[in-house]
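Here are some exercises to work through with the model open beside you. Try each task before reading its solution.

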Amino acid sequence: MKGTSLGEFEEIVLLTVGVLFDEAYGLSIKKEVEERSGRSVNLSAIHAALYRLEEKGFLKSKMGEATKTRGGKRKKYFNLTSFGIQALEQAKTLRQNLWSSIPEIVLKGGGS
Amino acid sequence: MKNQPPLMMQKFLRFFCDDDYLEEIEGDLYEEFLENSDDYGNRKASFIYTWTVLRSFRPYLIKKSNPIPQNSIDMIRNYFIIAYRNFLRHKGYSTINLIGLSFGMTCTLLISLYLLDEIRFDSQHEKGTQIYRVIDKRITDNGEERHLAEVGFNISGESVRNFAEVENAVKFVNFGRSKVMEEKEENSSYQNFSFVEQNFFEVFDFPLIQGDRKTALVEPNSAVITEDLAKLLFGDEAPMGKIVLTDRGEEMQFKVTGVLENIPKNSHLQFQIMYSFNTLKALPMYERFEGKDWSSNNFLTYLQIKEGTYITQLEDKLNKLVAQNIEAEDNNTPTLYFQSLKEIHFNSSQIEMGMNNSPGNIWYIFIFSGIGLFLILIASINYMNMATAKSAGRAREIGVRKVVGAARLGLIGQFITESLLTTFIALVIALGLVQVLLPFANNFTQKELALNLSTDPIILIGILLVAIMIGVISGMYPAFYLSSFNPVSVLKGIKINAGRAVNLRRALVVFQFTISIVMIVATLVAIKQMNYIQEKPLGFNKEHLLIVDINTGTVRGGYETIKNGYLGLATVKNVSVSSRIPGEWKNLARVKAAMANESANHRELYFIGADANFLSTFEVELLQGRNFREANNSDSVSILINESAAKLLGLSQPDQQELIISAVNYGGSEQPLNHGDFKTRIIGIVKDFHFQSLHEEVKPMVIAYHKNPVHRIDYFSTKISGDNITQTIASMEEILHKVDPGHLFEYHFLDDQMALFYEADLRRGKLFAVAAFTAIFIACLGLFALASFSAEQKMKEVGIRKVMGATVNQITVLLTREFAILVGIAFLIATPISWFLMDWWLSSFAYKIQLSLITFILGGFITLAISIITVSFQSIKAAYLNPVETLRIE
């Protein structure tokens with residue numbers, strides 16, 4: 001079913017939102033992703049992913065407080081929706097199933 | 001704040017990013033920027049910022065165009081309602097806008113019709129792009145280059161025979177004018193005596209109403225006449241097959257074989273009657289031409305050339321062919337070239353004998369297009385100025401609309417709808433006015449202009465496009481300006497900072513008045529020049545001179561009887577006979593002459609044959625020597641010369657010097673005199689007089705005795721007294737008819753005739769005056785509206801000033817000053833422009849006024865006066881208001 005499937009980057013962003021819990025907004029998500037994955041990410045990519053996920057219903061958002069460091073602009077905080085959690089679980093289950101289906105011999109580095 | 005992200009990028013982000021996302025994204029970006037600039041320094045942070053903004057330029061973030069409201073028809077209806085209400089609320093201003101626009105459009109429409117007609121000159125012919133006229137270029141003995149539209153007999157026929165590129169060719173020949181009558185000789189008229197080849201209608205598309213296009217001009221002694229001439233000669237009777245007579249000394253009979261639809265005025269070829277070329281075969285002179293003549297100047301020749309032919313190559317081939325066939329001793333070999341049909345109207349000023357009676361001038365086309373454009377601009381500016389000036393009144397409406405959700409584009413659409421609406425109402429009024437004014441315009445321009453919207457789609461489409469353009473241009477600025485209001489400040493009642501709009505308004509007013517002043521100065525200069533021309537001493541007296549044409553040999557033979565008869569009349573003071581007269585409207589003869597002692601040195605001089613009364617009748621001053629003596633006819637080889645001729649020939653005293661006239665040119669080609677050289681003796685020098693228009697300088701001239709072998713007499717010139725003119729003319733006609741009863745009595749007043757020289761100038765001058773008046777009228781309408789608006793706005797200020805003791809005068813000056821300054825600036829800009837323009841115009845006159853600063857100051861003063869009157873009308877009204885009234889209102 002298209003629309004509920006998660007891309008790799010989307011999944012990471014979604015998970016990060018979960019990790020950050022109450023502090024998940026654009027820049028904090030970006031920093032968290034960069035820290036954990038070790039690769040640099042452009043903020044605009046994070047925003048794009050966030051809006052897409054919100055549109056799919058995996059995330060919900062609310063406007064936060066304005067701070068001086070933001071030039072008087074408010075933050076937008078994101079939270080996982082239950083639908084989002086479900087999607088993450090689905091993705092996790094899919095992976096676990098796939099993992100468990102890999103023959104031992106492959107993982108042992110055999111093959112030929 | 002220490003560091004700021006790149007401003008341009010911030011702006012760019014705000015420009016494209018949808019409001020739903022903007023705040024968050026901008027905030028995130030800013031926060032990141034600050035952190036980055038702490039960590040990596042400002043440059044890298046800016047770079048990352050820029051890059052991120054660019055990366056954010058993604059479809060889902062870009063502003064959604066506001067969804068089109070579902071009830072768009074309701075919205076448009078609402079626009080109309082609001083426009084209508086606005087119109088009613090500001091009746092005065094709206095009317096001013098409407099009047100200005102409709103006046104401007106009327107003038108512009110009329111000018112456009114005129115221009116369209118000029119541009120479409122000679123466009124009646126389907127093969128028009130293939131038709132070329134053959135022109136003969138030759139160098140005269142004076143080293144002057146002459147271009148003649150008449151060429152040798154063989155050019156047409158031999159071109160078709162020798163060159164595959166030439167598909168067809170037609171020639172015709174003009175022998176001046178002749179009297180045309182029907183058989184009973186009751187109805188007659190003077191028409192060109194033109195013989196036209198039978199294939200004329202194959203090349204040109206003039207429609208025949210009756211008769212066969214192929215055969216109408218085949219038979220000798222057949223003629224094709226126009227509807228108008230048919231009506232004049234035969235009334236309501238059917239003209240086909242009827243006989244017409246022509247009288248050129250001897251009578252000739254022609255059978256009408258075709259009736260031609262009247263030739264439209266915008267054709268350079270104009271015929272009332274065409275005689276078949278084959279008629280000429282019976283004449284003895286025909287042999288001199290057929291098959292032999294390659295280089296005379298007698299036959300107007302038009303070639304129909306295949307599309308895609310290299311014209312210059314064909315010209316070369318033709319010139320080679322002509323050179324091969326001309327006898328070696330004829331060193332006066334012409335160079336022939338082709339002139340395309342569409343060039344004839346605008347590009348023939350240097351070409352003689354070309355049948356082009358109303359040559360166009362491409363410069364005037366540009367000038368009048370410019371005027372049309374400026375008039376419309378002035379009217380559009382009025383609209384713009386009024387709309388922005390009244391913007392304060394509509395600010396609240398705009399605020400409310402924006403709050404309710406109107407998009408900027410929608411508002412722009414609304415204001416442009418309003419201006420379009422005004423424009424179209426003005427257009428309807430203008431179309432009506434044009435219909436009313438067309439007859440006057442046609443009378444004035446001597447054209448057949450018509451506004452046929454149904455038959456001429458180009459006009460209709462053009463008008464609609466122009467109207468839309470005007471609507472958009474005049475609505476554009478107000479629309480952008482008004483729709484830019486910030487709803488919060490407007491609704492809070494904060495005054496809009498209108499500085500920019502006010503300055504633009506001032507600039508536009510200056511622009512309007514610059515144009516108006518240029519036009520007024522131009523009109524003044526033109527009037528002065530025309531007066532100068534009309535009052536300049538011509539060296540002879542043109543007043544009360546009645547000129548009678550000599551058209552037959554009988555009259556010419558009996559000239560003495562007639563002359564004496566005229567002299568016997570109490571109201572006739574003097575009579576002279578001459579071949580040509582000063583202010584001549586036909587071709588003046590030119591002779592090739594040389595002094596006997598330097599016979600190789602040929603000069604070209606103008607030539608008039610005249611009797612002893614010539615000087616006294618025209619009041620030409622004799623400087624040296626003596627006049628002719630009539631008594632013993634001993635003066636038949638005596639000549640008078642004018643000052644210019646004396647200078648040219650290097651003479652200071654008339655002393656019977658011998659001048660040998662060897663050839664004459666009546667306007668075609670030069671030909672030797674029939675009876676050998678004419679050896680003359682110079683007996684007197686007369687003061688220079690202007691025998692041509694003042695566009696030309698006075699040229700060297702010879703006045704020979706009227707009994708000379710060069711040019712026979714053609715006119716009686718009579719000096720009459722101002723009383724009983726009709727009676728005098730009647731008696732003169734009677735005397736003439738005693739000698740030749742069949743002679744049509746043709747007469748002119750010389751001053752009227754000379755006025756024709758400047759008719760085109762005068763007509764243009766008047767047209768200019770009308771345009772100038774319209775321009776300043778429209779500009780003042782705008783000024784009036786602006787002044788009343790400004791008075792309205794300053795009502796309180798005026799009230800307070802009055803309470804504090806200001807006088808009415810002071811207040812009037814206060815309110816008027818601003819506009820007077822604007823007009824003053826316009827004057828400063830307009831002066832050099834109009835100086836330049838008028839200097840150019842005057843250069844077409846050999847005799848002209850000096851441009852003086854007075855004229856310019858006068859022009860500026862007139863404009864200033866008109867505008868101050870306009871403005872002070874409002875200012876004084878405002879100044880007289882009782883301060884109690886104005887201050888009480890809140």
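A search of the whole structure finds 26 salt bridges over all chains, a salt bridge being a side-chain nitrogen of Lys or Arg within 4 Å of a carboxyl oxygen of Asp or Glu. Before you start, please note that this is a predicted model, in which local features need pLDDT of at least 70, side-chain atom pairs count only at pLDDT 80 or more, and totals for chains, interfaces and linings use all residues. Residues are numbered from 1 along each chain as its sequence is written, chains are lettered from A and ligands numbered from 1 in the order in which they are written, and side-chain values use heavy atoms, with hydrogens and water left out.

**Exercise 1. A salt bridge and a helix pair in chain A**

Find the salt bridge between A:E10 and A:K56, and describe how the helices that carry these residues pack.

Step 1. Start with the side chains: A:E10 and A:K56 form a salt bridge with an N to O distance of 3.2 Å.

Step 2. A:E10 belongs to helix 1 (residues 8-20) of chain A and A:K56 to helix 3 (residues 43-56) of chain A, so the bridge ties together parts 46 residues apart in sequence. Helices (H or I, at least four residues) and strands (E, at least two) are DSSP runs, numbered from the N terminus.

Step 3. A:E10 is buried at 7% relative accessible area, while A:K56 is partly exposed at 25%. Buried means under 20% relative accessible area, exposed over 50%, and partly exposed in between (1.4 Å probe, protein chains only).

Step 4. Turn to the helices. The axes of helix 1 and helix 3 of chain A are 10 Å apart, at an angle of about 85°; axes are lines fitted to C-alpha atoms, for helices over the stretch in contact, and angles run from 0 to 180 degrees between N-to-C directions. The two helices of chain A, helix 1 and helix 3, are therefore roughly perpendicular (angles under 35 degrees count as roughly parallel, over 145 as roughly antiparallel, 65 to 115 as roughly perpendicular and the rest as oblique).

Step 5. List who touches whom. Among the contact residues are A:F9, A:E10 and A:V13 of helix 1 of chain A, and A:I46, A:L53 and A:K56 of helix 3 of chain A. Contact means heavy atoms within 4.5 Å.

**Exercise 2. Across the chains**

Which residue of chain A forms a salt bridge with B:E23?

Step 1. The partner is A:R74, and the closest N and O atoms are 3.0 Å apart.

Step 2. This pair crosses between chains, from helix 2 (residues 19-40) of chain B, where B:E23 lies, to strand 2 (residues 74-80) of chain A, which holds A:R74.

**Exercise 3. Inside and outside chain B**

Is B:I547 buried or exposed, and is B:L828 buried or exposed?

Step 1. Begin with the whole chain. Chain B has 28 helices and 25 strands, and 51% of its 890 residues count as buried.

Step 2. B:I547 sits in strand 14 (residues 545-549) of chain B and is buried, with 0% relative accessible area. Its C-alpha atom is 8.4 Å from that of B:E746, a residue 199 positions away along the chain.

Step 3. B:L828 sits in helix 26 (residues 808-842) of chain B and is exposed, at 62% relative accessibility.
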